[in-house]
Amino acid sequence: MTRTAQDFMDEVSKVSAHNYHPIPVVIAKGEGAWVTDVEGKKYIDMLSAYSAVNQGHRHPKIIAAAKRQMDVLTLTSRAFHNDQMGPFLAKFTKLAGYDKALPMNTGAEGVETAIKAARRWGYKAKKVPDGKAEIIVCENNFHGRTTTIVGFSTDPLSNGGFGPFTPGFKIIPYGDAKALSAAITPNTVAFLVEPIQGEAGVMVPPAGYLKQCYEITKKNNVLLIADEIQTGLGRTGRMFCHEYDGIKPDIVIVGKALGGGLYPVSAILANDDIMNAAFEPGNHGSTFGGNPLACAIASAALDVIVDEKLCDRSLEMGEYFMGRLRGIKTDKIKEVRGKGLLIAIEIKKEAGRARQYTESLMKEGVLAKETHETTIRFAPPLVITKADIDWAVEKITTVL
Ligand SMILES: *Cc1c(COP(=O)(O)O)cnc(C)c1O
């Protein structure tokens, strides 16, 4: 007998830890901006695996690169060289405009790598007394799930019961450059910030915020670390969201879409002064980081973004989508905000909970995920067409 969606969900509930609260859909296939569930129903994907599927599901060029590489070599560890890492990092650093990159796997590992880099740079280059390095972060940040990272989260759900935590982090309000100025001490080595806070609900800071922060960090010999894991690689209408502020962060953390929607690949980008101060043989690493399969996939993932002009497309489709959402006649929407194809609808408090809307949207064939009580995020693959958006807006209008 064929298994229903309910069968799969019951099984997961039994054998998997309950650390997620998924929308009740069981996906079996994906192509471009669309997915199909186990019962054959089609949905438009408005989450893109939290922006890890910017290039669309199973992009043929990325799949082909993966298959090609799988037939020759997949994993060597960094104990040996492989012939894929150099060409990939050369392409990536040239595209991003940095001297070097350090490849890891998940986003959280990228963030951990940036934290380690900043601390080592602080001790070696800035001469901060040993063990005293401070890193400033923002309220409502999301940088991943390791114990160090959740330790400086302000979300009690993320860190409740997981302590004790790593010291050396100071929390300031997001979007407030003056607060950054006030928080810096001689022991501050870095300011870690998301150009737009994705998980917090697509919180777009005031125009020029990042530029002001950058100037403050430069004046104080502090590194600016941009977490572009969600906002990078075309999501907000530019290759990196920090480009809107005309700045070049000292360290950029990239992940999610770097893996082209099929494999975890993350990296930090920085120039020689930081990379050379921070890392020496043996002081950091990862068994899978920089493996040939990952590098072949990430290389193709970057090619697709460039060749298909996905940054321009994200900007154009994002403006169109936001315009259409703002045009919906309903008394339930408080605000539509975003940049490029990173968009959120804020539901009025009295209109209920975002979750009831995301579940109704699912029934209409639109997969979106709520963040917090009143925010619905829309972040479709960047390959989405105008016709797809029109189709989705019709369903969203029905639900709202
Ligand atoms: C998703 C995300 C991370 C963590 O990435 P993982 O691959 O889930 O570890 C870190 N920072 C931001 C801004 C993210 O959106």
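The chain splits into domain 1 (5-55 + 310-399) and domain 2 (60-307), with bounds that come from an automatic or database domain assignment. What you're looking at is a predicted model, where local features need pLDDT of at least 70, side-chain atom pairs count only at pLDDT 80 or more, and totals for chains, interfaces and linings use all residues. Residues are numbered from 1 along each chain as its sequence is written, and side-chain values use heavy atoms, with hydrogens and water left out.

Taken over C-alpha atoms, the centres of domain 1 and domain 2 sit 26 Å apart. Each of them brings 27 residues to the contact, which here means heavy atoms within 4.5 Å. About 2200 Å² is buried between domain 1 and domain 2, and carbon and sulfur atoms give 57% of that. (Buried area is the accessible area, with a 1.4 Å probe, that two parts lose on being put together, summed over both.) On the domain 1 side, Q55, K339 and L342 lose the most area to domain 2, together 30% of what that side buries.

How many salt bridges cross the interface of domain 1 and domain 2? The rule finds 1, a salt bridge being a side-chain nitrogen of Lys or Arg within 4 Å of a carboxyl oxygen of Asp or Glu. There are also 19 residue pairs in polar contact across this interface, both residues at pLDDT 80 or more. A polar contact is a pair of N or O atoms within 3.5 Å; within protein, one must be able to donate a hydrogen and the other to accept it, and residues adjacent in sequence count only if both atoms are side-chain atoms.

### Salt bridges

The salt-bridge rule gives a count of 15. One of them joins the side chains of R377 and E199, at 2.8 Å from N to O. Another links E215 and K211, whose closest N and O atoms are 3.1 Å apart. E215 and K211 are 4 residues apart in helix 9 (residues 209-219), so about one helical turn separates them. Helices here are DSSP runs (H or I, at least four residues), numbered from the N terminus.

### Around the ligand

Residues surrounding the ligand include T106, H143, E194 and K256, each with a heavy atom within 4 Å of it.

| Residue | Residue atom | Ligand atom | Distance |
|---|---|---|---|
| G107 | backbone N or O | oxygen | 2.8 Å |
| F142 | polar backbone atom | nitrogen | 3.3 Å |
| D227 | side-chain N or O | nitrogen | 2.7 Å |

How values were computed. Helices (H or I, at least four residues) and strands (E, at least two) are DSSP runs, numbered from the N terminus.
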